[in-house]
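Please keep the sequence and the 3D view open while reading.

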Amino acid sequence: YYVGGEVRNSNRYIYIGAITVTKAIQAAGGFTDFANKKKVRLTRVDGNKITVNCKKALEDSTLDPPVFPGDKIDVPRRLW
């Protein structure tokens, strides 16, 4: 899976087992100071897109979708 955008270490990561969006972002060093944590985009291999509010997902694990091999996570920049 790939994690990019406003994270500390944008990169491709090896899928080694069950992982969620928030854990994948933590593996990428966490959010930068400019990250929009409420509009993280998860794009599945089949092109299906999911918007994840990571602030709510950290409080409620049912809002934290799993990441699968080939998925892409993009953390957009927050607009001031």
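A salt bridge is taken here as a side-chain nitrogen of Lys or Arg within 4 Å of a carboxyl oxygen of Asp or Glu. The model is a predicted one, in which local features need pLDDT of at least 70 and side-chain atom pairs count only at pLDDT 80 or more, while totals for chains, interfaces and linings use all residues. Residues are numbered from 1 along each chain as its sequence is written, and side-chain values rest on heavy atoms, with hydrogens and water left out.

**Salt bridges**

- Arg41 and Asp74 are joined through their side chains by a salt bridge of 2.4 Å, N to O; the pair links distant parts of the chain, with Arg41 in strand β4 and Asp74 in strand β7 (residues 72–75), 33 residues apart. Strands (E, at least two residues) and helices (H or I, at least four) are DSSP runs, numbered from the N terminus.
- Arg44 and Asp71 form a salt bridge at 2.5 Å, N to O; because Arg44 lies in the loop between β4 and β5 (49–52) and Asp71 in the loop between β6 and β7, this pair ties together parts that are 27 residues apart in sequence.
- Asp33 pairs with Arg8, the closest N and O atoms being 3.8 Å apart; Asp33 belongs to the loop between α1 and β4 and Arg8 to the loop between β1 (2–5) and β2 (11–12), so parts 25 residues apart in sequence are tied together.

**Burial of the charged residues**

- Buried means under 20% relative accessible area, exposed means over 50%, and partly exposed is in between (1.4 Å probe, protein chains only).
- Asp71 is buried, with a relative accessible area of 2%, and Arg44 is also buried, at 14%.
- Arg41 is partly exposed at 37%, whereas Asp33 is exposed at 58%.

- Asp64, in the loop between α2 (54–59) and β6 (66–67), is buried yet has no salt bridge, and the nearest side chain of opposite charge, Lys23, is 6.4 Å away.
- The side chain of Asp64 does make a polar contact with the side chain of Thr22 at 2.4 Å, a polar contact being a pair of N or O atoms within 3.5 Å; within protein, one must be able to donate a hydrogen and the other to accept it, and residues adjacent in sequence count only if both atoms are side-chain atoms.

Key
Lys and Arg count as positive and Asp and Glu as negative; His and the chain ends are not counted.
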